[in-house]
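Hi everyone, thanks for coming. Let me put the structure up, and then I'll walk you through it.

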Amino acid sequence: MILELHLLQSFPVSNLNRDDLGQPKSATFGGVPRARISSQSLKRAARDEFTEYGLQKTNLGSRTKRLVIGTAEELGKRGCDTEIAPAIATAALGQLGFKVEKAQRTQYLMFVGHHAIELLADFCEENWDPIAEAVEKAKASKKKDSDEPVKIAKVKPEKEVAAAAKRIFDATRSADIALFGRMIADNSDFNVNAASQVAHAISTHAVATEFDYYTAVDDLKKDDEPGADMIGTIDFNTACYYRYVNLDLTQLRKNLLGDEELVAQAAKAWLGAFIETTPTGKQTTTAARTMPETLLGTVRNRGAWNLANAFLRPVTGTDLLGTSTQRMFEHFEKLRGFYGDSALRTVAGAALSCGTDPLPAEDTVTGIDELSTRLLTTALETA
């Protein structure tokens, strides 16, 4: 069972998601440059607001390289020797099959559950003496001035280590890992297939990046001293974006081991967050706090339709949002007519900036609560 969400959202002057040069991200689509917001940026914005939409912190994970630092701090709180705690935590991760670099960081960001650091600290405490002894032996045998990390032999049987790793890196209570998935290069057994797919948002029309030239004056400078004390530019654009996300309820249920209450909470938070949150890039200087003005949600038992091709030919004219709305709904109805709608279980949409309702009356909703209720009720009951 798949829940889909299509949104049209127009932003005034903004730089919500920038590239390595500080410019708003872009893409070429339909032969013309478009404004773009990366899927990673959209997912991060949603994740940061999940607690506002009903999920508890204990059901959310963290993406971090700082497992060693966090575990050492936790061990310190428990009264363990803080001088050797980082070495113990580093060695413990090595026992579990993960490499730690010299700056006490893992090689890559690891998406772990809420209790991972506490559980890793438990493992360190339970095996403190043999790990500490192994660390000292490894240090003694290490060549002088060598940059190679200290390697120690296994201090527990392989099966016990595997069981501990499974417990520490368990993700079956982490809704965000269940939604967006996880890949761990060192051990594919801990990989989680994402239940949600998130497309890069692109503008429905051609966009050219512009820049704001600014100057700043020192408040304490004397009046007779002319000139600015700071000069610079900030890149920006203005665009109407098409956004698309979907959620596979079957995969979500599998990732959360069939916990119906947590599945419902995760689906509700996913829907609310993706509708109402946006990336925070340059918001302090632009305040581009708009809401989607065209919404279309579907629940289907197979397939998925990204409607971006409605804008393959870029929208032109002065009513970009209105024309984009008509294009999107017309494209949806064409696909529906050609491929059939036997897979569709419900359709719900609204267009705030369109003079006429572009959908049949039975598919049109009058508020966000009605939209959410119709989609979630159908998706969860059918799934």
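Before I name any pieces: helices (H or I, at least four residues) and strands (E, at least two) are DSSP runs, numbered from the N terminus. Also, this is a predicted model, where local features need pLDDT of at least 70 and side-chain atom pairs count only at pLDDT 80 or more, while totals for chains, interfaces and linings use all residues. Residues are numbered from 1 along each chain as its sequence is written, and side-chain values use heavy atoms, with hydrogens and water left out.

Okay, the overall picture. The chain has 12 helices and 11 strands, and its C-alpha atoms fill a box of roughly 75 × 75 × 35 Å along the principal axes. It's split into domain 1 (2-56 + 194-207 + 236-380) and domain 2 (63-170), with bounds that come from an automatic or database domain assignment. The centres of domain 1 and domain 2, taken over C-alpha atoms, are 42 Å apart.

How much of the chain is buried? Of the 383 residues, 47% are, where buried means under 20% relative accessible area, exposed over 50%, and partly exposed in between (1.4 Å probe, protein chains only).

Now the inside. A nonpolar core here is a set of buried Ala, Val, Leu, Ile, Met, Phe, Trp, Tyr and Cys residues joined through side-chain atoms within 4.5 Å. The largest one has 48 residues, and Leu3, Phe50 and Trp270 are among those with the most contacts inside it. Helix α9, residues 260-276, gives the most to this core, with 10 residues. Apart from that core lies another, of 33 residues, including Leu75, Leu93, Cys124 and Ala164.

Take a look at Leu3. Counting contacts as heavy atoms within 4.5 Å, and skipping residues up to four places away in sequence, Leu3 touches, among others, Val245, Trp270, Val299 and Ala379.

On to salt bridges, meaning a side-chain nitrogen of Lys or Arg within 4 Å of a carboxyl oxygen of Asp or Glu. By that rule there are 15. Arg253 pairs with Glu260, their closest N and O atoms being 2.8 Å apart. Arg253 counts as buried, at 15% relative accessibility, whereas Glu260 is partly exposed, at 43%.

What separates Arg336 and Glu333 in helix α11? About one helical turn, because they're three residues apart in that helix, which covers residues 320-339.

Last stop, the surface. Phe211, Tyr213 and Ile231 form a nonpolar patch, with about 370 Å² of accessible area together. Patches are made of residues with over 30% relative accessible area and no salt bridge, with like charges joined within 9 Å and nonpolar side chains (Val, Leu, Ile, Met, Phe, Trp, Tyr) within 5 Å; the areas come from the Shrake-Rupley method with a 1.4 Å probe, and for residues only the protein chains shown count as cover. Ile231 sits in strand β9, residues 230-248, and is exposed, with a relative accessible area of 54%. In soluble globular proteins, nonpolar side chains tend to be buried together.

That's my tour, thanks!
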